[in-house]
Amino acid sequence: MNLKHKILFIIIFLFINSNSFSNDSVAYVDMELIMNKSKVGKLITKKLSDEHNLNINYFKKKEEELKNKEKKIISQQNILEKSELEKQLKALQLEANKYRIEKNKRLNDISKKKLNATKILLQNINPILSEYAKKNSISILMQKKDIVIGKTELDKTNEILKLVDDKITKIDFE
């Protein structure tokens, strides 16, 4: 009996200590959703998308011009002297190189603007998250992408999204 009592005591002791009686509150938010679905996030996305589309149209027009110049040079291949043909081909190659450099620069500029806009938006969202956590006694606020499994009641994304929409109306990121 003595051994049975000891084993029973150890089992009860383990079960009692395995429960956590923490008062710390944990919640999570889907930052990706907030960045993309908030009003200001949508404005940023639209502005960058519009600029990207303008660039695409410009690039298509420029590429068409270069192709037409190339076709013209090729069609005059038998008529022009060799030196004149080489001169025109060299000029076309220089123009094509300038085009590639300009295209890369414009694409890099849009990427930089997107990174800058994201950084500024996050800087504006962080005080809202801090205030929300303080107001609702949340000790830890995690990103949803870092959560494997979590109760849906701990997801505070929609509440934060409403706060972001109310408090942030415009961001200058140029």
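**View 1. Glu51 is partly exposed, with a relative accessible area of 21%.** Here, partly exposed lies between buried (under 20% relative accessible area) and exposed (over 50%), using a 1.4 Å probe and protein chains only. This is a predicted model, in which local features need pLDDT of at least 70 and side-chain atom pairs count only at pLDDT 80 or more, while totals for chains, interfaces and linings use all residues. Residues are numbered from 1 along each chain as its sequence is written, and side-chain values use heavy atoms, leaving out hydrogens and water.

Glu51 pairs with Lys113 in a salt bridge (a side-chain nitrogen of Lys or Arg within 4 Å of a carboxyl oxygen of Asp or Glu), and their closest N and O atoms are 2.8 Å apart. This pair links distant parts of the chain, with Glu51 in helix H3 (residues 39-75) and Lys113 in helix H4 (residues 82-135), 62 residues apart. Helices (H or I, at least four residues) and strands (E, at least two) are DSSP runs, numbered from the N terminus.

**View 2. Lys69 meets Glu95 in a salt bridge, with 2.8 Å between the closest N and O atoms.** Lys69 sits in helix H3 and Glu95 in helix H4, 26 residues apart, so this pair too links distant parts of the chain. Lys69 is partly exposed at 36% relative accessibility.

**View 3. Lys144 and Asp155 form a salt bridge, 3.8 Å from N to O.** Both residues lie in the loop between strand S2 (140-143) and helix H5 (157-167), 11 residues apart. Lys144 is partly exposed at 36%, and Asp155 is partly exposed at 24%.

View 4. The salt bridge count comes to 9.
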